[in-house]
2 protein chains.
Amino acid sequence: MTDPRLEGLRRDAPDLRLKTDAADLEHYGRDWTRRWTPAPLAIALPASIEEVQAIVRWANVHRVALVPSGGRTGLSGGAVAAQGELVISLERMNRVLAFDPADRTLTVQPGIALEAVHNAAREHGLTYPVDFAARGSCSIGGNIATNAGGIRVIRYGNTREWITGLKLVTGSGELLDLNRGLVKNSSGYDLRHLAIGSEGTLGVVVEATLRLTDPPPPTNVMLLALPSFDVLMKVFTAFRERLQLEAFEFFTDHALRHVLAHGAQAPFEQTHPYYVVTEFAIGDEAREAAAMAAFEDCMEHGWVSDGVISQSDAQAAQLWRLREGISESLAPRKPYKNDVSVRISAMPAFLEETQALLGGAYPHFEVVWFGHIGDGNLHINVLKPEDVSDADFVAQCEQVTKLLAASLQRHGGSISAEHGIGLVKKAYLGSTRSAAEIAVMRGIKQVLDPNGLMNPGKLFD
Amino acid sequence: MTDPRLEGLRRDAPDLRLKTDAADLEHYGRDWTRRWTPAPLAIALPASIEEVQAIVRWANVHRVALVPSGGRTGLSGGAVAAQGELVISLERMNRVLAFDPADRTLTVQPGIALEAVHNAAREHGLTYPVDFAARGSCSIGGNIATNAGGIRVIRYGNTREWITGLKLVTGSGELLDLNRGLVKNSSGYDLRHLAIGSEGTLGVVVEATLRLTDPPPPTNVMLLALPSFDVLMKVFTAFRERLQLEAFEFFTDHALRHVLAHGAQAPFEQTHPYYVVTEFAIGDEAREAAAMAAFEDCMEHGWVSDGVISQSDAQAAQLWRLREGISESLAPRKPYKNDVSVRISAMPAFLEETQALLGGAYPHFEVVWFGHIGDGNLHINVLKPEDVSDADFVAQCEQVTKLLAASLQRHGGSISAEHGIGLVKKAYLGSTRSAAEIAVMRGIKQVLDPNGLMNPGKLFD
């Protein structure tokens, strides 16, 4: 720890835990992207809001860039520290601070894992309904930074909808206590919502109050086999009209093969080009009949070739694993990820155009599709062939992303549905946000982070 | 129309309708507050986004302050023009532009009345669930400007939750097309949410895309008579635990007397100090049994003295009228209004303190209470005695608001739950938002409205 700036930090915050070992710098300097070489100055592991404020004030004196860091499960490079930044890991600030039964809120520190939030809510007979596969390792602070979505958005919305209070240490070291758990509060600009989704570029989320809700109704999970892509929206509509959908996810046979290779059990004897896993409320005969009616309607129209419905929680989990295991099963192949969205109404035209685009652009690459079709959100994973170098692979994929971005712009979509912009999508921000919007964003960053120290180079330069 | 600046506007926007008659200046220069003397320069009634942009560009050249104006049903002076401003009335931009069945969205111009939105949604078998008594005359643009709440927040949230797209002409005349109806969009700062609740101080809302939802389930309305104030939260909890509440509103006997004097029918033979009107989902026997169980539980505990449940839609409407007629029945008495909120958990302590405060502060004034207790939102209306001048009355009320603001600050509440800050609550903003937050708000306004022309003097100076 010879850097004189760190000595200053040690003086300003005598109890602050700092790590500077090479292994720690690498571990804390990267997220699930593996495109950048970690090179942070050091890792700070504050245990309190006061320590976070001390770090930010010190950073302003010494002009040290800061990277807030949660579970580092991000897929856009938002938590990468490759430029000598100080990483602020929130992993020690991981406690539940309060549960309030009248407000039905849980107040937590930012480093708590999403799954720990789920468990804490369940202990009180309630639910925190945002959910996705990284639940065990992602942190709530990171969820807030990207306005995380996931598999229940169709029913419960994004993270944004569930945050009733937020404490933010801004880039100038001020602690803002935003909205404080109020249901109604019309007292000027809602800076809470400005912070949500800002990817650590305005400040550090140091506490959050989460709204909880009643546990979901009893549900069934159904896996559907689809003969072609163009029936997907028809199947979606048939199910949405009749059922209260908790989830509606699709994936391709390519995706399934990777999950099966990782040990999952094949759901059908035959293979099919496309699959849907959907979860919906049951609990009475009318709803069960509606589910069967939706299925039979789709079978009769030839939109669905086969199907299986869960008969137990264990079987429901098995069916979910086919969808949720995809990202993990692809990870060894270093996938290049696109996470895009359009309005649901624009989905058919966009899908058609994208299929044609990718078929032409990636003749030699394996492309794995899946996504949250009911939210208009598509994940496109391009797998690296072994005989192509990392750099060449990314460069080739970037060429296609340019075309995809142009297509998204035509269809009014977004280059990032739920992963955030970070480093990975920065070059394409202009396909989703106008020059005027980006200028306003820059101006706002200047207000909250006048010295430009909060996660610089992420989102925009 | 002799003001030379207006001649310039006429040249810049040849088809723009302008009004300068004294009666128009008065009509368009004020809202439901009657505290300020209207004195606008003129009234512009644009028919298109381009005309709004032309106005804002002209205003920047001539440094003319602008006041966006909807239905002017606001209660905080947010749409008052008393300083020579140009009023931009959106009343001609009042159409439904599009309905999309796949997205389940309605795209509207800002001047459309809330009730017209309700009707348009209903035509498509769907619901726009934000609702309150001014529905017939308030505009959706105004709802967005104050993040309007109302009587269904307990079930559906505030206006914010229902806006999936927003077009905003900023104070510098740029048109921002925000979020464009996307369900998932993690591409930088959500400026849509920044605009919602900004009370016209950042720009003019010129178009909105509203999310619709399934029609509510069949409901029953119940009116409950309460013997005292301290049982209110107990009754709320007893009902919330058992039922899916669509609304839970309370009012005092004082409030009821004003509504009855305006022609409503007395619900009970006896009078009671407090009343609750609640609406909840029924539709099956279990739910109806749960409603009766909640009622009987409250009766047994002595928390409720009497009750009536609606047997028809007409009776439900009659019961609702007792609550919804309050504001209108009080209007002739020029009430001084407080619209405050705390967390639900803080409600009992806050209510106790507020009762004591108001009892001591207003011994000679009639105080009428009502509110959305399930949202932590209390409306306190102080009625002007005939022998007190307007100015003296307001001055005396302001003294009490100071004490109320201090109490709110202690209880973590808000000086404006749903009416907005406008002119009326400006002096008390600091009780709800910290100096650091207000400084950030000022900085953000500077970014979007560099010449300070958008609704100046509202929210903050």
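Okay, so contact here means heavy atoms within 4.5 Å. With that rule, and skipping neighbours within four places in sequence, L423(B) is in contact with W36(B), S76(B), G77(B), V80(B), G457(B) and K458(B). A quick word on the ground rules: this is a predicted model, where local features need pLDDT of at least 70, side-chain atom pairs count only at pLDDT 80 or more, and totals for chains, interfaces and linings use all residues. Residues are numbered from 1 along each chain as its sequence is written, chains are lettered from A and ligands numbered from 1 in the order in which they are written, and side-chain values use heavy atoms, with hydrogens and water left out.

You'll find L423(B) in the loop between α14 (390-410) and α15 of chain B; helices are DSSP runs of H or I, at least four residues, strands are E runs of at least two, and both are numbered from the N terminus. Its C-alpha sits 36 Å from that of A316(B), 107 residues apart along the chain.

Now, the interface. How many residues of chain B are in contact with chain A? It's 69, against 68 residues of chain A. Together the two chains bury about 5,600 Å², 54% of it on carbon and sulfur atoms; that's accessible area (1.4 Å probe) lost on putting the two parts together, summed over both.

There are eight salt bridges between chain B and chain A, meaning a side-chain nitrogen of Lys or Arg within 4 Å of a carboxyl oxygen of Asp or Glu. One of them pairs E418(B) with K184(A), at 2.9 Å, N to O.

Which elements give two or more residues to chain B's side? Those are β8 (175-178), α7 (191-195) and α15 (435-448) of chain B, and α15(B) has the largest share, nine residues.

And the symmetry: a rotation of 180 degrees with 0.0 Å of shift along its axis puts chain B on chain A, RMSD 0.1 Å, by least squares on the C-alpha atoms of residues with pLDDT of at least 70 in both. So the two copies are related as by a two-fold rotation axis. The same surface serves both, as 99% of chain B's contact residues recur in chain A.
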